[in-house]
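Here is a quick tour for anyone meeting this structure for the first time. Have a look at the fold, then work through the points below.

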Amino acid sequence: MARERAAAVCTACENVLAVTVWEDGSVHPIGTGATCSCGNETFDVLDDSELEDVPDVDDRGRPQA
Ligand SMILES: [Zn+2]
């Protein structure tokens, strides 16, 4: 798949987000599509081993019950 789902940490507020990583390497938070809720646009993508820290969300970024 060209777009991979991953977890990433906001470099400004350290919030962990579910993101998609596009084939050009850009990172797009699921739900907001561009920025963290704090407005930052830069994220550090985490390894899969760190995914357990990420809440399950659907494609619109809403937590699943
Ligand atoms: Zn942030």
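Two strands count as paired if DSSP finds at least two bridges between them. Strands themselves are DSSP runs (E, at least two residues), as helices are (H or I, at least four), and both are numbered from the N terminus. With that in hand, Arg 5 stands opposite Thr 20 in β2. What you are looking at is a predicted model, in which local features need pLDDT of at least 70, side-chain atom pairs count only at pLDDT 80 or more, and totals for chains, interfaces and linings use all residues. Residues are numbered from 1 along each chain as its sequence is written.

**The big picture**

- The protein chain has four strands and zero helices.
- Reading from the N terminus, the elements go β-β-β-β.
- The pLDDT is the predictor's confidence in each residue, from 0 to 100. Its mean for the protein chain is 81, and 65% of the residues reach 70 or more.
- Among the elements, β4 has the highest mean pLDDT (93) and β3 the lowest (90).
- Two residues are in contact if their C-beta atoms, placed from the backbone, lie within 7 Å. Take the contacts between residues at least 6 apart in sequence: 47% of them join residues at least 24 apart.

**The sheet**

- Strands of a sheet pair through backbone hydrogen bonds, either parallel or antiparallel.
- In what order do the four strands of the open sheet come? The order is β3-β2-β1-β4, and the pairing is antiparallel.
- β3 and β4 stand at the edges with a single partner strand each, so one side of each has no neighbour in the sheet.

**Who pairs with whom**

- β1 and β2 run antiparallel and are joined by six bridges. Besides the Arg 5 and Thr 20 pair, Glu 4 stands opposite Val 21 in β2.
- The hairpin of β1 and β2 has five residues between the strands, and Glu 14 takes a positive phi near 65° there.
- β2 also pairs with β3 (residues 27–29), in the antiparallel sense and over three bridges. Here Val 21 has Val 27 as its bridge partner in β3.
- The hairpin of β2 and β3 has five residues between its strands too, and Gly 25 in the turn shows a positive phi of about 90°.
- Ala 8 has Val 45 as its bridge partner in β4, while Val 9 has Asp 44.

**What's tucked away**

- A residue is buried if 20 or more other C-beta atoms lie within 10 Å of its own, exposed if 12 or fewer, and partly exposed in between, with C-beta atoms placed from the backbone. By that count, 17% of the 65 residues of the protein chain are buried.
- β1 is mostly covered, with five of its seven residues buried.
- A nonpolar core is a set of buried Ala, Val, Leu, Ile, Met, Phe, Trp, Tyr and Cys residues joined through C-beta atoms within 7 Å. The largest one here has ten residues: Ala 6, Ala 7, Ala 8, Val 9, Cys 10, Leu 17, Ala 18, Val 19, Cys 36 and Phe 43.
- β1 (4–10) and β2 (16–21) each supply at least two residues of this core, and β1 gives the most, with five.
- Which residues does Ala 6 touch, leaving aside its neighbours within four places in sequence? Ala 6 is in contact with Val 19, Val 21, Val 45 and Leu 46.

- Arg 3 lies in the segment before β1. Is Arg 3 buried or exposed? Arg 3 counts as exposed because it has 12 C-beta neighbours inside 10 Å.
- Beyond its neighbours within four places in sequence, Arg 3 is in contact with Thr 20, Val 21, Trp 22 and Glu 23. The C-alpha atoms of Arg 3 and Asp 24, 21 residues apart along the chain, are separated by 9.2 Å.
- Val 16 has its place in strand β2. Val 16 counts as partly exposed because it has 16 C-beta neighbours inside 10 Å.
- Val 16 and Cys 36 are 20 residues apart along the chain, and their C-alpha atoms are separated by 9.2 Å.
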